[in-house]
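Please read it alongside the coordinates.

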Amino acid sequence: TGNSVDKAYLQSMGGMKCIVTLPYLANLVKDSMLAINQAEFIFPKVDSVADPFNNNNSPKLLFRPRAYNGTDSVAGFTDDITDYFQQNYISNTKSYNYLMTRYIQTILFNYRQMYNGNKSFIQRPVYGINLSTTPDNPNSPARVLLYTQKTGNKAKRPKLVITYTKIVDKK
């Protein structure tokens with residue numbers, strides 16, 4: 001999406017997807033490492049009577065790390081294997097919630113290695129995350145309209161909620 005867009009439109013079956021970036025995530029481990037207890041992405045859905053597909057909620061969103069060329073990269077990515085990770089639409093909050101604890105821990109570990117000068121140890125560089133939706137049936141595309149960071153109402157903006165334990169480096 002563009003820099004001034006306050007909503008992102010997703011459509012399955014080769015339609016539209018969006019890119020999620022985490023530009024300030026590395027700042028969390030600049031001074032010390034963290035043990036991530038839980039990391040949850042929350043993507044609020046636009047609830048609008050003007051949207052003809054408002055009540056046809058896609059059952060889940062696909063959340064895939066991006067490769068250097070923009071394609072989906074699932075190498076070593078295990079956070080969405082089972083429904084334990086709650087990658088579903090939550091009707092009472094009108095949002096898609098996604099537990100990504102292991103993925104965020106891996107990213108932070110890589111960033112911490114960079115801060116320590118160990119650039120050869122980086123396992124997976126971060127190019128962003130592809131967010132797309134699944135078809136609701138084989139012949140009909142699913143459509144989802146989500147709020148972005150540019151949304152005026154801060155409570156409706158997507159967010160990454162991280163619960164962590166700070167690990168003190170021994171020197």
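## Aromatic pairs

Tyrosine 89 and tyrosine 96 are both buried in this predicted model, where buried means under 20% relative accessible area, exposed means over 50% and partly exposed lies in between, for a 1.4 Å probe and protein chains only. The structure holds two aromatic pairs, a pair being rings of Phe, Tyr or Trp (its six-membered ring) with centres within 6.5 Å, called stacked when the planes are under 30 degrees apart, edge-to-face when over 60 and tilted for the rest. In one of them, phenylalanine 41 and phenylalanine 43, the ring centres are 6.0 Å apart and the planes stand at 10°, so this pair is stacked. Phenylalanine 41 is buried, at a relative accessible area of 2%, and phenylalanine 43 is buried as well, at 6%. For tyrosine 89 and tyrosine 96 the centres are 5.0 Å apart and the planes meet at 55°, so that pair is tilted.

## Basis of the model

Because the model is predicted, local features need pLDDT of at least 70 and side-chain atom pairs count only at pLDDT 80 or more, whereas totals for chains, interfaces and linings use all residues. Residues are numbered from 1 along each chain as its sequence is written, and side-chain values use heavy atoms, with hydrogens and water left out.

## Overall architecture

Of the 171 residues in the chain, 40% are buried. Among contacts (heavy atoms within 4.5 Å) with a separation of 6 or more, 75% come from residues 24 or more positions apart. The accessible surface of the chain is about 10,100 Å², with 52% of it belonging to carbon and sulfur atoms, as calculated by the Shrake-Rupley method with a 1.4 Å probe.

Strand β8 (residues 143-147) has five of its five residues buried, so it is largely enclosed by the rest of the structure. Arg143, Leu145 and Tyr147 point one way from β8, while Val144 and Leu146 point the other way. In a regular strand, side chains alternate between the two faces of the sheet. Strand β1 (residues 7-11) pairs with β8 in the antiparallel sense over five bridges, pairing requiring that DSSP find at least two bridges between the strands. Within this pairing, alanine 8 stands opposite leucine 146.

## Polar and charged side chains

Asparagine 97, in strand β6 (residues 95-99), is buried with a relative accessible area of 12%. Its side chain makes a polar contact of 3.1 Å with the side chain of glutamate 40, and another of 2.8 Å joins the side chains of asparagine 97 and serine 95. A polar contact here is a pair of N or O atoms within 3.5 Å; within protein, one must be able to donate a hydrogen and the other to accept it, and residues adjacent in sequence count only if both atoms are side-chain atoms.

A search of the whole structure finds one salt bridge, defined as a side-chain nitrogen of Lys or Arg within 4 Å of a carboxyl oxygen of Asp or Glu. This salt bridge links aspartate 6 and lysine 7, whose closest N and O atoms are 3.4 Å apart. Aspartate 6 is partly exposed at 31% relative accessibility, and lysine 7 is partly exposed at 32%.

Methods: Helix = DSSP H or I, 4+ residues; strand = E, 2+ residues; numbered from the N terminus.
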